[in-house]
Amino acid sequence: MVITVSSIKGGVGKSSVVLLLANNLAARGRKVLVVDTDLNNTVTVYYTLGIGRIGEICERQNVSLAFSRGKIDEKNIVQSRRGNVYVVPSSLKLLDQRSMESLEIKTILRSAKGFDDILIDTSPTWDNIVSGALMAADLILSPVAFTEYNYNMSVCLLSKMQTVMPDQVKNLYFLFNHWSEQYSKSPSSLQNLVLSMYRKGLDNLLTAHLPDTRFMDRYTNLDQMCSVRSLYKGCARLASGVNDLVNDIYDQNTVVEVF
């Protein structure tokens, strides 16, 4: 399955969602390829941290070179430090490739062979690279933060997709990120007010959601593992939320205890 994670608004947790999904899927025994088309290269840094001479490796193996060569293969793919996860690193040279045809980008992003899943991280914008990544997807996840501006950006993304790629709209789902159980109990909370806007204005909302927890920073920055049995409540909530999300996507009922 090809999953593209996209949002026109930055700071909503796109890259975090990619990392969590990829690591959970890998822990289920699936072979995962993560393609980093985000110029912020958060995913690339996470998966290549500590690999020797990684700067040199990413100069000669990256997504920009894959676009130039017309396919993703072993010349562009780097084995990450996490088992079962491989990455196509980002590159600042993508700035020079935003005029490529979206359909060409779609074909390239779907060209990798031998993987159970391909996850694509995107920049928080709308350009031909993002458009191609959306066209390439079997499933599009758009993380949502609880602000009115985020709702407007979600409507904008949906509107652009309806215009440019109407057949892909059925594959677009909004994922509530930074969910707070505490605020969910207060009808007047900003979370519930924004949630109401989404429910009234949009149909394609996922029932699974990811909790608001500071453990996410520990996961991405300190390399701590996510565990459903963790004594740290934020960690356990996050692990359960990711399991719920993956189970919803793949129609499974599996609990990955640590990932």
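Colleague: Let's start with aspartate 38: what is its relative accessible area?

Modeller: Keep in mind that this is a predicted model, where local features need pLDDT of at least 70, side-chain atom pairs count only at pLDDT 80 or more, and totals for chains, interfaces and linings use all residues. Residues are numbered from 1 along each chain as its sequence is written, and side-chain values use heavy atoms, with hydrogens and water left out. Buried here means under 20% relative accessible area, exposed means over 50%, and partly exposed is in between (1.4 Å probe, protein chains only). Aspartate 38 counts as buried, with a relative accessible area of 3%.

Colleague: Which side chain does aspartate 38 meet in a salt bridge?

Modeller: A salt bridge is a side-chain nitrogen of Lys or Arg within 4 Å of a carboxyl oxygen of Asp or Glu. For aspartate 38 the N to O distance is 3.4 Å, and the partner is lysine 14.

Colleague: How far apart in sequence are the parts that this pair ties together?

Modeller: Helices (H or I, at least four residues) and strands (E, at least two) are DSSP runs, numbered from the N terminus. Lysine 14 lies in helix H1 (residues 14–27) and aspartate 38 in the loop between S2 and H2, so the pair ties together parts whose distance in sequence is 24 residues.

Colleague: And lysine 14, is that one buried or exposed?

Modeller: The relative accessible area of lysine 14 is 6%. With the cut-off at under 20%, lysine 14 is buried.

Colleague: How many salt bridges does the structure hold?

Modeller: Side chains of opposite charge can pair when their charged atoms come close. One example is arginine 53 with glutamate 56, where the closest N and O atoms are 2.8 Å apart; arginine 53 is exposed at 60% relative accessible area, while glutamate 56 is partly exposed at 39%. For the structure, the number of salt bridges is 8.

Colleague: Which residues do salt bridges with shared partners join into one network?

Modeller: Our opening pair, lysine 14 and aspartate 38, is in there. Salt bridges that share partners make one network of Lys14, Asp38 and Asp121.

Colleague: Asp121 is in strand S5; how many of the residues of S5 are buried?

Modeller: In a regular strand the side chains alternate between the two faces of the sheet. Both faces of S5 are covered, with Asp117, Leu119 and Asp121 buried on one side and Ile118 and Ile120 on the other. The strand spans residues 117–121 and is largely enclosed by the rest of the structure, because the buried count is 5 of the 5.

Colleague: In S5, which residue is the bridge partner of valine 5?

Modeller: Two strands pair if DSSP finds at least two bridges between them. Strand S1 (residues 2–5) runs parallel to S5 with 4 bridges, and strand S2 (residues 32–36) runs parallel to S5 with 5 bridges. For valine 5, the partner is aspartate 121.

Colleague: What is the volume of the largest pocket?

Modeller: On a 1 Å grid over the protein atoms alone, a pocket is an open set of points where a 1.4 Å probe fits, with protein on both sides within 12 Å along at least five of seven lines, and lining residues have an atom within 4 Å of a point. Grid points are joined across faces, edges and corners, and a volume is the space filled by probe spheres set on the points. The largest pocket comes out at about 240 Å³.

Colleague: Which element gives the largest share of the lining of that pocket?

Modeller: There are 14 lining residues, and Asn41, Cys58, Glu59, Ser90 and Ser91 are the closest to the centre of the pocket. Helix H2 (42–48) and helix H3 (54–60) each give two or more residues. The largest share, 4 residues, comes from H3.
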